[in-house]
Amino acid sequence: MAADGQCSLPASWLPVTLTHVEYPAGDLFGHILAYLSLSPIFVIVGFLTLIIFKRELHTISFLGGLGLNEGVNWLIKHVIQEPRPCGGPHTAVGTKYGMPSSHSQFMWFFSVYSFLFLYLRMHQTNNARFLDLLWRHLLSLGLLTAAFLVSYSRVYLLYHTWSQVLYGGIAGSLMAIAWFIFTQEVLTPLFPRIAAWNRQRKLGTKLQ
């Protein structure tokens, strides 16, 4: 595990099948964490699938926020230029800079935005059923746990230091709050117009 200023390198690394994520050879826990660190890929695939089949505007906006979040992470990394821990033991990484962790920033953006959506966007009433509230609480807990585990995996696998995943989490959370407010106050009022324009366009195409 990589604490700031401390390194304990394993004898050899193994890649997860068909990916560049590496874990210490013979380390079952590290192997599991390596798969967990692939969570952002699964999230992106899920979003693309939803957009292809449902084309829901809020889902598209959510994905756009994740893309903006990644762009901000890239910019911060290249401004700060803090190296990865232990001299960068992994060769197959997107960039040699580690501050802040893009995995941590991605997952905390996704989790915090989803948390806000569940409790603020999805309208509740005083008569909300117990099971309805329970699944929101459980889903929120699961999302926050996933964000923590992915962040922890990046430290355990020596891709980042604790400070790099901490600041990644803070940046992702702040970006999620800002994008949620922007979506609610600016984009959401425009969604009905966009949907109506899209229906008119499709109708015009059929009539031609």
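**Legends to close-up views of a predicted model**

**View 1. Overall fold of the protein.** The protein has 7 helices and 2 strands (DSSP runs, H or I of at least four residues for helices and E of at least two for strands, numbered from the N terminus). Along the sequence the order of elements is β-β-α-α-α-α-α-α-α. Of the 208 residues in the protein, 40% are buried (under 20% relative accessible area, 1.4 Å probe, protein chains only). Contacts (heavy atoms within 4.5 Å) between residues at least 6 apart in sequence join residues at least 24 apart in 69% of cases. This is a predicted model, in which local features need pLDDT of at least 70, side-chain atom pairs count only at pLDDT 80 or more, and totals for chains, interfaces and linings use all residues. Residues are numbered from 1 along each chain as its sequence is written, and side-chain values use heavy atoms, with hydrogens and water left out.

**View 2. Crossing of helix 2 and helix 4.** The axes (lines fitted to C-alpha atoms over the stretch in contact, with angles from 0 to 180 degrees between N-to-C directions) of helix 2 (residues 39-54) and helix 4 (residues 102-121) come within 10 Å and cross at roughly 45°. The crossing is left-handed (the near helix is turned anticlockwise from the far one by less than a right angle).

**View 3. Residues between helix 2 and helix 4.** Ser39, Pro40, Val43, Ile44 and Phe47 of helix 2 meet His103, Phe106, Met107 and Phe110 of helix 4. This contact has 7 nonpolar, 2 polar and no charged residues (nonpolar: Ala, Val, Leu, Ile, Met, Phe, Trp, Tyr, Cys and Pro; charged: Asp, Glu, Lys and Arg; polar: the others, Gly among them).

Terms used: Buried means under 20% relative accessible area, exposed over 50%, partly exposed in between (1.4 Å probe, protein chains only).
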